[in-house]
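Me: I would like to learn how to read a few local features in a model. Please give the general idea before each case.

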Amino acid sequence: MTDTSLSSTLHAKITARTAKAGVVGLGYVGLPLAMAFARAGFTVVGFDIDPSKIEFIDRRESYIEAVPTEVLKAECEAGRFAATSDFTRLAECDIVAICVPTPLTAHRDPDLSYVAKTAEAIAATLRPGQLIVLESTTYPGTTDEVVKPILEKTGLKSGADFFLGYSPEREDPGNRQFHTASIPKVVAGDGEAAAGLMQAFYGATVSTIVPVSTTATAEAVKLTENIFRAVNIALVNELKLVYDAMGIDVWEVIDAAKSKPFGYMPFYPGPGLGGHCIPIDPFYLTWKSREFETPTRFIELAGEINTAMPHHIVTRLAEALDIRSGKALSRSKVLLIGLAYKKNVPDIRESPSLRLMELIERRGGSAAYFDPYVPEIPSTREYAELKGRRSIEWDEAALKSFDAVVIATDHDNVDYDAISRLAPLIVDTRNVFARKGISADVIVKA
């Protein structure tokens, strides 16, 4: 069969919704994507190495807020979705989307081991006519330089025997205004045939597609989106330090500045960056840029500022304890409000709260947390020693037992009025008390 007939056959299956899709990695990106494919009428098989995820799906239960259990149950019972840890079943799939983590190493270099292992698993069953899509965030060139060579070791060639594409995920946990199918999707293929298949498949799944010329361009789009946010957050974090030294409230400044109807977009300071994208993605580009001997000073400086914010918060906490309570941090009990990296979600990936707990205890203090969305700290790559710690039970009497309360995440369903009345010292990193019109002498902004 020629590449033209292979692509035409797959295109026809996509149009008829008879193509079977596989999604590797059923986390915050993969499971919503699998649901979008299934709800568009495709039969979908989800793959994951975590047996607990498979068990949840077998019980028709969702473990991700963006996928309601009733939606998952409906797609499973309709026969459009099932999950497995048997990667030999990749051979059944006409389209395979890779949605695995792309973390950083301890030295802040890209860790593409999950992508490489997944590509090797796909290569073990690769057959002519399949479309393989990378969705994981990565540096420009990964699809062509990492995934493609692994797949072509089989003797099959991209664009001739199988088709290869890239489409960056754009999930935003907790955002109820958008969902996977309503967010415009950037798509690109390795060659004209692959590009056509990418547009056909994702065009059948989401409301809007945005085709770009190459997979490297699509990879750069994702990095650009998150670098934009990282740099602007770093700017307001630095302005917070400068204005604080001048006795100016940065939050008041931002609120006034955003009244300008043009030429300004508000970003807000915080205790550090969290989530699966903004703390990580910029370093993928700074690493890749070294290959071209091109400096990324602006991006690296933003990374340094954002990475330093938890240290600044702990220093501010120690100063406030000393000045207001006459206590050393090393002899203090500290309660963090919010373990998730953003409000009203259970997602703790790269959460600065974990770093805050580590830094407080490194300085001899005792750190506990309250989070209505995170009852227990799960296993994490960087903070293994925190695994198993549980959120304290909400008890107004218990609040008095802590020497300080740090607002790390401003969840809506927290009784901030009670905290303001009962906590002996509050370090507010989110300006939540001012936004709620609550004032108290014990509140320190940081």
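Reply: Start with burial: a residue is called buried when its relative accessible area is under 20%, exposed when it is over 50%, and partly exposed in between. Keep in mind that this model is predicted.

Me: Which residues of H7 are buried?

Reply: An α-helix has 3.6 residues a turn, so residues three or four places apart point the same way. In H7, the buried residues are Ala-194, Ala-195, Leu-197, Met-198, Ala-200, Phe-201 and Tyr-202.

Me: What span does helix H7 reach from its first C-alpha to its last?

Reply: Helix H7 covers residues 192–203, 12 residues in total, and reaches 16 Å, close to the 16 Å expected at 1.5 Å a residue.

Me: Where is Arg-17 found, and what is its phi?

Reply: Arg-17 is in the loop that links helix H1 (3–16) and strand S1 (20–24). Its phi is positive, about 60 degrees, although Arg-17 is not a glycine. Arg-60, also not a glycine, has a positive phi of about 65 degrees; this residue lies in the loop between helix H3 (51–58) and helix H4 (69–77).

Me: Why does Arg-60 count as partly exposed?

Reply: Because its relative accessibility is 30%, which falls between the cut-offs of 20% and 50%. Arg-17, at 32%, is also partly exposed.

Me: Is Thr-88 buried or exposed?

Reply: Thr-88 counts as exposed because its relative accessibility is 53%. Thr-88 sits in the loop between strand S3 (81–84) and strand S4 (95–98), and its side chain makes a polar contact of 2.5 Å with that of Asp-86. Thr-88 and Ala-121 are 33 residues apart in sequence, with 8.1 Å between their C-alpha atoms.

Terms used
Residues numbered from 1 in each chain as written. Predicted model: local features only at pLDDT ≥ 70, side-chain atom pairs only at ≥ 80, totals over all residues. Heavy atoms only, no water. Helix = DSSP H or I, 4+ residues; strand = E, 2+ residues; numbered from the N terminus. Expected span 1.5 Å × (residues − 1). Buried < 20%, exposed > 50% of the residue type's maximum accessible area, 1.4 Å probe, protein only. Polar contact = N/O pair within 3.5 Å; in protein donor to acceptor, adjacent residues only side chain to side chain.
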